[in-house]
Amino acid sequence: MQDREQQWAADMRAAQAGSGEAYIRLLESVSTSFRQFAGLDLRRFGLQPSDVEDVLQEILLAIHLKRHTWRADHPFAPWLRAIIRHKLVDFARRRRRRGELPLEDFPDIRPVAPVEPSFSMPLRHLLGDLPRRQREVVEELGLGGASVADTAMKLKMSRGAVYVAFHRGLAALSAKFERDRS
Amino acid sequence: MNTQQLIHTLASDLQAGAGPAPARPRWTRLAVLTALASLVSLAAILLWLSPSSHLAHGPGTTIVFSALAGAVLAAGAFWATLKLSYPEGRLGLWWLFVPLGILLLGLALEMYHTPSSSWMARLWGNSPGACFLCVTALSLPILAAVLVALRDGAPSSPRLCGAMAGLLAGGIAAALYTLHCPEDSLLFVASWHVPAVLTVTFFGALAAGRWLHW
């Protein structure tokens with residue numbers, strides 16, 4: 001526990017100084033820990049096993065976008081826990097608002113493994129239902145192959161907002177694709 | 001996008017980005033924006049509102065106690081806002097008793113020295129509505145600046161953080177407003193300025209719920 005805290009803090013310090021290698025190591029280690037924790041605890045938040053990767057990606061995004069709020073002279077784990085908790089609650093709230101019931105409520109239906117969306121899917125006809133921002137970002141980034149920086153400039157959004165819109169857009173498309181298929 | 005791809009995208013964004021994290025500590029940004037907006041409110045008082053006639057005789061009990069309570073409230077709220085702008089920030093509210101205590105002490109002094117028959121007249125003063133509106137209006141530019149500074153924070157409870165931002169703005173505005181307030185009574189201040197500060201606190205919580213979401 002103590003070792004992990006020190007490793008995380010050291011990697012985050014290196015990342016804040018610009019080391020991509022340390023950053024990847026940190027995010028991978030956080031992902032591993034989260035998957036272990038989530039396996040035990042996710043149901044408490046009303047989430048399904050198939051949500052784990054979605055929530056994890058939102059958490060990684062939040063870590064990235066808010067990485068400047070970690071102070072190098074403070075412990076890393078409490079900061080990380082606060083972000084994870086915030087994003088879990090946020091995800092669960094959005095899930096409830098959409099009125100989706102957890103699959104576990106229906107005993108003879110089992111959750112399916114999540115499908116990775118790829119750009120070779122017939123995306124365009126699905127795009128129409130997305131909110132405008134998400135649609136534009138997915139078109140630019142995903143279909144047009146533009147870079148995040150260019151997309152941000154073209155759509156006059158911050159880079160963070162582009163990431164968030166892209167991620168939400170893909171998640172919505174993925175869910176829609178699943179529904180259409182079944 | 002799978003998680004592994006995402007991690008690599010984020011890492012390349014880190015390296016393409018601004019490089020090292022901002023060296024300036026975040027409290028300076030909050031302090032500078034708060035101070036600039038306070039100057040705007042101060043300028044509004046000096047330009048459009050006449051100086052308090054009571055100032056001519058030197059600062060009296062009302063001005064001293066209400067300015068002090070406002071300043072202490074603002075200082076505590078500044079600290080609370082800053083603390084809550086970090087994801088792991090937790091907060092005690094015990095410090096709120098300090099400005100409250102100052103105000104109550106001043107009230108007790110005033111009520112001790114004035115006949116009880118004058119209390120109602122003091123409480124209502126001549127311009128209760130105008131003072132309530134002035135303090136509220138003077139707070140708003142400060143509240144806006146604080147919320148702008150908080151945009152790059154990451155509060156786990158945006159509403160509570162916004163409420164503290166409202167107390168910060170209200171405290172400063174109430175302290176500055178003593179330069180103008182034509183009423184010389186803490187009964188008046190407690191009945192009209194305090195509700196104005198609470199209104200701004202409510203606005204802060206409301207606005208933060210919308211804008212500080214992350």
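Modeller: One place to begin is what covers the buried residues of α2(B): the cover includes α3 (61-84), α6 (128-150) and α7 (158-177) of chain B. This is a predicted model, in which local features need pLDDT of at least 70 and side-chain atom pairs count only at pLDDT 80 or more, while totals for chains, interfaces and linings use all residues. Residues are numbered from 1 along each chain as its sequence is written, and chains are lettered from A and ligands numbered from 1 in the order in which they are written.

Biologist: Which residues in α2(B) are called buried?

Modeller: Leu30(B), Thr34(B), Ala37(B), Ser38(B), Ser41(B) and Ile45(B) are. A residue is buried if 20 or more other C-beta atoms, placed from the backbone, lie within 10 Å of its own; it is exposed if 12 or fewer do, and partly exposed in between. In chain B, 43% of the 214 residues are buried.

Biologist: How many helices and strands does chain B have?

Modeller: Chain B has eight helices and zero strands. Helices (H or I, at least four residues) and strands (E, at least two) are DSSP runs, numbered from the N terminus.

Biologist: What does Val146(B) touch?

Modeller: Leaving out residues up to four places away in sequence, Val146(B) touches Leu30(B), Leu33(B), Thr34(B), Thr81(B), Ala165(B), Leu168(B) and Ala169(B). Two residues are in contact if their C-beta atoms, placed from the backbone, lie within 7 Å.

Biologist: Which residues touch the most other members of the largest nonpolar core?

Modeller: Val146(B), Ala165(B) and Leu168(B) do, in a core of 99 residues. Helix α7(B) gives the largest share, 13 residues. Such a core is a set of buried Ala, Val, Leu, Ile, Met, Phe, Trp, Tyr and Cys residues joined through C-beta atoms within 7 Å.

Biologist: Why is this core said to lie between domain 1 (2-105) and domain 2 (124-181) of chain A?

Modeller: Both domains give residues to this core, so it lies between them. The domain bounds come from an automatic or database domain assignment.

Biologist: How many residues does the contact take from each chain?

Modeller: Chain B gives 23 residues and chain A gives 28 residues.
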